[in-house]
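Good morning, colleagues. Please look at the sequence and the structure that I am about to show.

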Amino acid sequence: MTHTQISLTRFLIEEQRAGRINPELRLLVEVVARACKRISIAVGKGALGGVLGDAGEAGQASINVQGEAQKKLDVLSNEILLEANAWGGHLAGLASEEMDHSQPIPDVYPRGNYLLLFDPLDGSSNIDVNVSVGTIFSVLRCPEGVTTPDDAHFLQPGSAQVAAGYCVYGPQTTLVLTVGHGTHAFTLDREVGSFILTARGMRIPEETREFAVNLSNQRFWEAPMQQYVGDLLRGKDGPRGKDFNMRWVASMVADVHRILTRGGIFSYPLDSKCAPKGGKLRLLYEANPMAFLVEQAGGAASTGRMRMLDVVPSGLHQRVPVFLGSRAEVAIAEDYHRRHDAARAPA
Ligand code: AHG
Ligand code: MN
Ligand code: MN
């Protein structure tokens, strides 16, 4: 008996027949997946494709709205996603880490009912060293009656997302998607050029012995984070009574992919360096889509003090502290914050 492979296209058609998505959202996901294939090809060529290194002219780095130097692949991936999504009629507007403001779909094309936000290339510091990078995306509904959306229309809590996903460009290229009915992974068959369903209904183990954090920031963390990680490091001899392992890829996509696959907790907490900005990771196109995917896989995502998907955004590029992954472990991290805050609250 031949084993039937389920392509992303077939998966989406079946989701549509089941009434879980409409044709417009199906097209949107297909278009984003196609753009990710192009980015995957560019990433895979590396030095041979002339895509490594910084964007901008020699001696004159190109800086994005975040104040970060752009890599060639940041710019290229952004262009690929913009071009792919402009003409299909499924979107009203787009917003990206690499653009100061959102863009409505140009007047020459029909406008649809959705808004798309993306981090075109996540893990930029890993591009030139041949370590996994990715693309993250989030889909919102364009508010009723709005035909030309501006930044304010994108400021919706993560709980309003209708779809979210990421594509990790690693040893395999894998697209992970939710439309609000579980989290599913599709591996790119490079010879055929199509994404094939390889994990339906991913589940994050509730408990874990593995954490992901950039430990070099330890002395800049808030007290509850210091205590939480301090207790993890004390292992068997500490209050947790078990030894923990640590991993940090420095590409959120790769770290979250590991956690969706085998559990763990990922954190980019508040530290005194990023506190004035509210955190390091961006709410709308990093934290929220990952939070949606993780919750749909039975995990939890929090700022340390509240559920990520309940945060009401105030800016397109707003940053937040992030704790996500195995549900019981995220609850423990939140508990350190709760106890600390309660002890400091006036009686
Ligand atoms: P980006 O490349 O899109 O700016 O995102 C990088 C983020 C995230 O992917 C990762 O978890 C984190 O920055 C790594 O930060 P450090 O270099 O401070 O560890
Ligand atoms: Mn990123
Ligand atoms: Mn990025």
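Let me begin with a definition: a residue is called buried under 20% relative accessible area, exposed over 50%, and partly exposed in between, with a 1.4 Å probe and protein chains only. This is a predicted model, in which local features need pLDDT of at least 70 and side-chain atom pairs count only at pLDDT 80 or more, while totals for chains, interfaces and linings use all residues. Residues are numbered from 1 along each chain as its sequence is written, chains are lettered from A and ligands numbered from 1 in the order in which they are written, and side-chain values use heavy atoms, with hydrogens and water left out.

Helices (H or I, at least four residues) and strands (E, at least two) are DSSP runs, numbered from the N terminus. In helix H6, 12 of the 14 residues are buried, so the helix is largely enclosed by the rest of the structure. Among these buried residues are Leu 283, Tyr 285, Glu 286, Asn 288 and Phe 292. Gly 298 follows H6 and has a positive phi, near 85 degrees.

Donors are N, O and S atoms within 2.8 Å of the metal (3.2 Å for Na, K and Ca); water is not among the atoms, so sites may look incomplete. Asp 122 and Glu 286 are both buried.

Which residue bridges the manganese ion (ligand 3) and the manganese ion (ligand 2)? That residue is Asp 119, and the two ions lie 3.7 Å apart. Asp 119 counts as buried, at 0% relative accessibility, and Leu 121 is buried with a relative accessible area of 1%.

I turn to the sheets. Two strands pair if DSSP finds at least two bridges between them. Strand E5 belongs to an open sheet of eight strands, ordered E4-E3-E5-E6-E7-E8-E9-E10, with mixed pairing. Strands E4 (103–104) and E10 (194–199) stand at the edges with a single partner strand each, so one side of each is left without a neighbour in the sheet. Five bridges join strand E9 (residues 184–189) to E10 in the antiparallel sense, and Thr 187 stands opposite Ile 196 in E10.

A further open sheet has five strands in the order E12-E11-E13-E17-E15, again with mixed pairing. E11 and E13 run parallel, joined by two bridges, with Phe 211 opposite Ile 265 in E13.

On a 1 Å grid over the protein atoms alone, a cavity is a set of points where a 1.4 Å probe fits but cannot get out, and lining residues have an atom within 4 Å of a point. Grid points are joined across faces, edges and corners, and a volume is the space filled by probe spheres set on the points. The whole structure holds two cavities of 30 Å³ or more, and the largest cavity has about 40 Å³ of space. Its lining includes Phe 211, Met 225, Tyr 228 and Ile 265. Helix H4 supplies the largest share of that lining, four residues.

Note on methods
On a 1 Å grid over the protein atoms alone, a cavity is a set of points where a 1.4 Å probe fits but cannot get out, and a pocket is an open set with protein on both sides within 12 Å along at least five of seven lines; lining residues have an atom within 4 Å of a point.
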